[in-house]
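Here is a short report on a single protein chain. Please keep the sequence and the 3D view open while reading.

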Amino acid sequence: MKLSIMQPYFFPYIGYFQLLRAADMFVVYDNIKYTKKGWINRNRYLRQGQAADFTVPIKGDSDFLDVRQRELAPDFSRGRLLNQIREAYRKAPYYGDTLALFEKTVLNPEINLFRFIYFSIQEICNYLNIRTPIVISSDIEIDHSLKSQDKVIAICKKLGAHTYINPSGGRELYSGSSFASAGIELLFLNSKASAYPQLGNEFVPRLSIVDVMMFNSPAALEHMLTEFELVSSDQPCLIGEN
């Protein structure tokens, strides 16, 4: 079985969903610390031909809390976030269906950060016809005090995975020999998703999946989800891949 493990991200880039497509099972972390400078509750979209951030604000709380213990800010304006996307993409060819999906996730009344994002991941997978089973990390019976590579290997063993797939940007975090010693093959995913028209502007890569869906048909999306290669830990990664 091929396994991939990732943090929860709100409308992440297409490489996240390529990982989901490549894996036989996907684990999403809920019992990890929320990091302010990470991408858990923010991403990038296209605004007037340039990359801009959209954010789901978080209630102020202890930096030691896990993602599953954090909540959305009481003053989070769902309408403002929706208006950002509506204004930016109202001329996009697949605006209607994509906006309906975005609205459904943003208007979800859930205030728990993890459950809010997890709902969005499930809805996007349904839209993209990705059927990979998703497991929540805290439901797996391992020693959750383990960190980084040791925790990943423990999860792989518990779930019976013979292959672990990680984005290429995590190469410095993992040792192929350590995984091999545990009887697990370590592979990295190089995303090679094609450029696509963005309202006549110069192409801006690595934006949120919302951008990809706004500008691409279901058939094109299906093809783009397969535009990746899996390489072993001793093979070079693509320049700029992360």
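## Basis

This is a predicted model, in which local features need pLDDT of at least 70, side-chain atom pairs count only at pLDDT 80 or more, and totals for chains, interfaces and linings use all residues. Residues are numbered from 1 along each chain as its sequence is written, and side-chain values use heavy atoms, with hydrogens and water left out.

Helices (H or I, at least four residues) and strands (E, at least two) are DSSP runs, numbered from the N terminus. Buried means under 20% relative accessible area, exposed means over 50%, and partly exposed lies in between (1.4 Å probe, protein chains only).

## Nonpolar core

A nonpolar core is a set of buried Ala, Val, Leu, Ile, Met, Phe, Trp, Tyr and Cys residues joined through side-chain atoms within 4.5 Å. The largest one here has 81 residues. Phe10, Phe17 and Tyr89 have the most contacts inside it. Helix H4 (residues 113–128) gives the most to this core, with 9 residues.

Contact means heavy atoms within 4.5 Å. Leaving out residues up to four places away in sequence, Tyr89 touches Tyr45, Leu46, Tyr95, Asp211, Met214 and Phe215.

## Strand S6

Strand S6 (residues 163–167) is largely enclosed by the rest of the structure, because 5 of its 5 residues are buried. Both faces are covered. Thr163, Ile165 and Pro167 lie on one side, with Tyr164 and Asn166 on the other.

Two strands pair if DSSP finds at least two bridges between them. S6 pairs with strand S1 (residues 2–6) in the parallel sense over 3 bridges. Leu3 has Tyr164 in S6 as its bridge partner. S6 also runs parallel to strand S7 (residues 185–191), joined by 5 bridges. From S6 the chain crosses through helix H6 (residues 176–181) to S7 in a right-handed β-α-β crossover (with the strands pointing away from the viewer, the path from the first strand over the helix to the second runs clockwise).

## Asn112

Asn112 lies in the loop between helix H3 (95–106) and H4. Asn112 counts as buried because its relative accessibility is 8%. A polar atom of its side chain lies 2.8 Å from the backbone oxygen of Arg68.

## Positive phi angles

Phe11 has a positive phi of about 50° although it is not a glycine. Phe11 sits in the loop between S1 and helix H1 (14–22). Phe11 is buried, at 0% relative accessibility.

Gln48 has a positive phi near 55° and is also not a glycine. Its loop runs between strand S3 (42–47) and strand S4 (50–55). Gln48 is exposed, with a relative accessible area of 80%.

## Salt bridges

A salt bridge is a side-chain nitrogen of Lys or Arg within 4 Å of a carboxyl oxygen of Asp or Glu. The count comes to 10. One of them joins Lys2 and Asp24 (3.5 Å, N to O). Lys2 is in strand S1 and Asp24 in the loop between H1 and strand S2 (25–28), 22 residues apart.

Another joins Glu103 and Arg86 (2.9 Å, N to O). Glu103 is in helix H3 and Arg86 in helix H2, 17 residues apart. Glu103 is partly exposed at 23% relative accessibility, and Arg86 is partly exposed at 27%.

Technical notes. Polar contact = N/O pair within 3.5 Å; in protein donor to acceptor, adjacent residues only side chain to side chain.
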